[in-house]
Amino acid sequence: MILYMAPPSNYSTAPVSEFLLICFPNYQSWQHWLSLPLSLLFLLAMGANATLLITIRLEASLHEPMYYLLSLLSLLDIVLCLTVIPKVLAIFWFDLRSISFSACFLQMFIMNCFLAMESCTFMVMAYDRYVAICHPLKYPSIITDQFVVRATIFIVVRNAFFFLPVPVLSSRLRYCAENIIKNCICTNLSVSKLSCDDITFNRLYQFVAGWTLLGSDLILIILSYSFILKAVLRIKAEGATAKALSTCGSHFILILFFSTVLLVLVITNLARKRIPPDVPILLNILHHLIPPALNPIVYGVRTKEIKQGMQKLLRRL
């Protein structure tokens with residue numbers, strides 16, 4: 001995709017076919033030091049999620065809706081990592097700062113869409129735990145393979161529909177002069193603010209769409225766990241409360257971590273004037289690395305069936 005600069009005399013009329021990503025504009029010397037831990041986290045995220053997917057695929061006892069949803073979460077994590085981190089490492093190692101317009105807007109779409117897909121997946125997983133604990137007798141008839149298929153279609157269609165306009169709106173802006181993005185990745189605000197057009201609607205749409213979807217997911221997750229907690233407190237059998245809570249402990253930890261990291265990222269972006277601009281950039285990168293690296297590890301450590309499946313897989317190797 002090639003966008004042309006605006007025709008007025010104040011701007012060049014030469015076509016612009018790419019952006020230049022400038023990571024950490026104030027502290028570019030950080031790049032060499034950061035490349036090693038980021039590379040290790042990237043390898044950990046890829047390896048852990050791939051191991052989890054293979055384990056669930058090969059272990060027949062894990063062919064259940066709950067683990068299918070976990071597989072979906074791992075797939076989303078892998079795509080997010082592959083969309084962002086290889087380009088960041090290419091900038092750090094080889095100074096490959098250029099990114100084409102089409103690649104930039106594709107990255108923008110995947111980041112926005114898949115982040116919302118993760119949030120929606122957590123919401124579906126919370127509903128799965130709600131049914132398992134609050135309505136255990138109905139669980140086999142409600143949470144079926146068909147339910148997982150329908151939930152997956154809903155997750156993909158809902159978020160693709162709402163976030164497709166974000167890169168479309170940005171790509172239709174006129175980029176008049178500057179094409180240097182002071183970021184490691186093509187976020188909507190980092191790109192659109194280079195335009196000479198009014199970007200008020202662009203920013204407003206992302207804000208409303210993002211908070212509507214993520215906010216509704218968070219509300220439903222809180223409601224699910226409120227009902228779960230209420231049901232667990234009613235259980236009087238010895239040890240039953242701890243057992244019930246352990247079945248959703250891993251999921252709750254992942255949701256808490258996902259929400260906390262996202263909240264920190266939002267707060268740092270809102271307080272840009274009070275903190276160095278490189279801090280939100282670093283947090284944005286880590287948000288695409290740390291949750292994907294930790295998600296399969298938390299489930300692998302806390303879930304007996306997955307731990308046993310991974311041990312069998314490692315013995316085969």
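A salt bridge is taken here as a side-chain nitrogen of Lys or Arg within 4 Å of a carboxyl oxygen of Asp or Glu, and by this rule the count comes to five salt bridges in what is a predicted model. One of them joins E59 and K312, whose closest N and O atoms are 3.3 Å apart. Because E59 lies in the loop between α1 and α2 whereas K312 belongs to helix α12 (residues 304-316), this pair ties together parts that are 253 residues apart in sequence. E59 counts as buried, at 13% relative accessibility, while K312 is partly exposed at 37%.

A salt bridge is also formed by the side chains of D128 and R129, at 2.7 Å from N to O; D128 is buried, with a relative accessible area of 1%, and R129 is buried as well, with 8%. The side chains of R174 and D197 likewise meet in a salt bridge, at 2.7 Å from N to O, and here R174 is partly exposed, with a relative accessible area of 32%, as is D197, with 22%.

Among the aromatic side chains, the count comes to 13 aromatic pairs. One of these is the tilted pair of F24 and F92, with 6.1 Å from centre to centre and 35 degrees between the planes. This pair links distant parts of the chain, 68 residues apart, with F24 in the loop between β3 (18-21) and α1 (30-58) and F92 in helix α2 (residues 65-94). F24 is buried at 0% relative accessibility, and F92 is buried with a relative accessible area of 2%.

Notes
Residues are numbered from 1 along each chain as its sequence is written. This is a predicted model: local features need pLDDT of at least 70, side-chain atom pairs count only at pLDDT 80 or more; totals for chains, interfaces and linings use all residues. Side-chain values use heavy atoms; hydrogens and water are left out. Rings of Phe, Tyr and Trp (its six-membered ring) pair if their centres lie within 6.5 Å; planes under 30 degrees apart count as stacked, over 60 as edge-to-face and the rest as tilted. Helices (H or I, at least four residues) and strands (E, at least two) are DSSP runs, numbered from the N terminus. Buried means under 20% relative accessible area, exposed over 50%, partly exposed in between (1.4 Å probe, protein chains only).
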